[in-house]
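Open your viewer and get the selection tool ready. We will go from one stop to the next, and at each one I will tell you what to pick and what is there.

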Amino acid sequence: MRQPADWPSLNRRLAPLPASVQRGITVAARSVDPLSKILMRSRSSRYTSHLVATAVLVWITLLLATSAFASTRYVDNSGTPPCVDTQAYGTETQPWCTISYAIRNLNGGDDLFVKHGTYNEGLYINGPAGTSTKDTIIRTYPGHSVIIRGTGNSGRVRITATSYVTFDGFEITNFNQGIFVDGASSHVTVRNCTVHDVGQEGIHVKENSSFVKIEGCTIFNTQKLGGCCNGEGIYVGTSSSGPLDNTNNVTLANNVIHDTTDEGIELKPGTHHCVADGNTLYNIVMPQYSASAAGVIEVNERDLSPQTWSGNPSHLITNNVVYNSTTAIRLGTGSTAYNNVIYSPLAGRFGIYVNNNNSDSFTRFIYHNTIHMTADAVVVAGGTLADVRNNIGPTTSTSNLAFTGTYFVDASAHNYHLVPGVAAVNAGENLLSIVATDKDGVSRAVGGAADIGAYELGASPPAAPTNLRITRQ
Ligand SMILES: [Ca+2]
Ligand SMILES: [Ca+2]
């Protein structure tokens, strides 16, 4: 992806080398100062030549590896300073005008900053790929608000067939979909983006993509603009229409998703080893599905032709909060759900629903959740594949406790931290090998045994002191 415009700057950095070489080995040796003392001690000119040649090679290699290709580029369409989409531009004082032009002219590992404004363009990001030590980063300038706006119910921001790319900080609206990560992309991070008012789903990761992170994003108002078909917040994988899609190792962390018309998060058949952690989802009403047909966080069955995966999908659904919505979590294949908080469900809907449309053999582990709803709807398990322990809400085993408001700091305000002395404290089974920390990220071992529910007593920061007085001594 290297462009001719970048060679002048590279050549400037390399220019002294040929001149030094032409002035002879001795001069070259002196110019590589850290080696010159060693070289002067050598009595063999042939040996010296060899050493110098090696030193020069090392110098070139280090130069190329550390600094030659990564640079910082700028887009600013505000008019001050004037922008031009030409290869000579791209600096802070002479910025490019469009993000699309910038992407076509970056080198792998570059940082692109986009300054405030509305950019009326869809994006097609098929590189340049970064490396495992330095992503190509496309981001908003710190403190700036950047809107990428489509022309209505078509187009999207598409990150495709690339790797080691970070896309950070943008507001995306008025497209058919907000963001695609597809084409077997890997090690792509979408961070701090806001996606809203799009025709179908907000963010879609698919087509055998892997090691993708969607984190810190806000997604709302899907299936607007006359959109026809899908309105998920974040959609992972491909539907039964094919082709085979084994998208995997997708992490969806700390996102806020609300007012979507389909699932807030959906993991399709064929996907595996995905994680939904620390997300907040609310106002997700799906009258098109029965209480048992879909969850706000939805783990589909493992296989639905042509989608299939050979082993246990082993999805993790952890530390999420779901409220004011239909059935909060559906576990349709092998998965573990722990430290989730669920409250204020819509009438007739479930907290966690387990079923097995695919007749697979993978247990659904449901540990350490706090579910504030009537007991009969808290965890509903179809079949015998649910292992339900250490939860507040269900009563299906001795290590679960029915919900009682007196356990908590303030259940009416949805503060489900425990208060001292209640039955949930130190009453949990030892599941530390699976759930080592509580929803606040603090050890489950406080007090010598895990507490039941999403929070461990004593794990919260101490309350701020009151009635402090300054005294003179
Ligand atoms: Ca769906
Ligand atoms: Ca404890």
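Begin with the largest nonpolar core, which has 97 residues. Select Ile179, Val190, Ile203, Ile234, Ile297 and Ile352, the residues with the most contacts inside this core. Domain 2 (70-231) and domain 3 (288-473) both contribute residues to the core, so it lies between them. A nonpolar core here is a set of buried Ala, Val, Leu, Ile, Met, Phe, Trp, Tyr and Cys residues joined through C-beta atoms within 7 Å. The domain bounds come from an automatic or database domain assignment. In soluble globular proteins, nonpolar side chains tend to be buried together.

A word on what you are looking at: this is a predicted model, in which local features need pLDDT of at least 70 and side-chain atom pairs count only at pLDDT 80 or more, while totals for chains, interfaces and linings use all residues. Residues are numbered from 1 along each chain as its sequence is written, and chains are lettered from A and ligands numbered from 1 in the order in which they are written.

Beyond its neighbours within four places in sequence, isoleucine 179 is in contact (C-beta atoms, placed from the backbone, within 7 Å) with Arg156, Val157, Ile172, Val190, Cys193, Val195 and Ile203.

Next, select valine 181 in strand β10 (residues 179-182). Is valine 181 buried or exposed? It counts as buried, with 29 C-beta neighbours inside 10 Å; the cut-offs are 20 or more other C-beta atoms within 10 Å for buried, 12 or fewer for exposed, and partly exposed in between. Its contacts, leaving aside neighbours within four places in sequence, are Ile159, Val188, Val190, Val205, Ser209 and Val212. Lysine 206 is 25 residues away along the chain from valine 181, with 6.4 Å between their C-alpha atoms.

Now show the strands (DSSP runs of E, at least two residues, numbered from the N terminus). One open sheet has 10 strands in the order β4-β7-β10-β13-β16-β19-β22-β25-β28-β31, with parallel pairing (at least two DSSP bridges between two strands). At its edges stand β4 (123-125) and β31 (379-381), each with a single partner strand, so one side of each has no neighbour in the sheet. Zoom in on β13 (residues 203-205) and β16 (residues 234-236), parallel strands joined by 3 bridges. There, valine 205 stands opposite valine 236 in β16.

A further open sheet has 12 strands, ordered β1-β2-β5-β8-β11-β14-β17-β20-β23-β26-β29-β32, also with parallel pairing. Its edge strands are β1 (72-75) and β32 (386-389). Select β17 (residues 248-253) and β20 (residues 275-277), which run parallel and are joined by 3 bridges. Threonine 251 stands opposite valine 275 in β20.

For a loop stop, pick glycine 216, between β14 (210-215) and β15 (218-220). Glycine 216 is partly exposed, with 18 other C-beta atoms within 10 Å. Leaving aside neighbours within four places in sequence, glycine 216 is in contact with Arg191, Asn192, Asn254 and Asn255.

Finally, colour the chain by pLDDT, the predictor's confidence in each residue, from 0 to 100. The chain's mean is 87, and 82% of its residues reach 70 or more. Where does pLDDT stay under 50? Select residues 1-48, for which the model has 39 contacts beyond four places in sequence, and then residues 58-68, for which the model has 5.

Conventions
Helix = DSSP H or I, 4+ residues; strand = E, 2+ residues; numbered from the N terminus. Contact = placed C-beta atoms within 7 Å.
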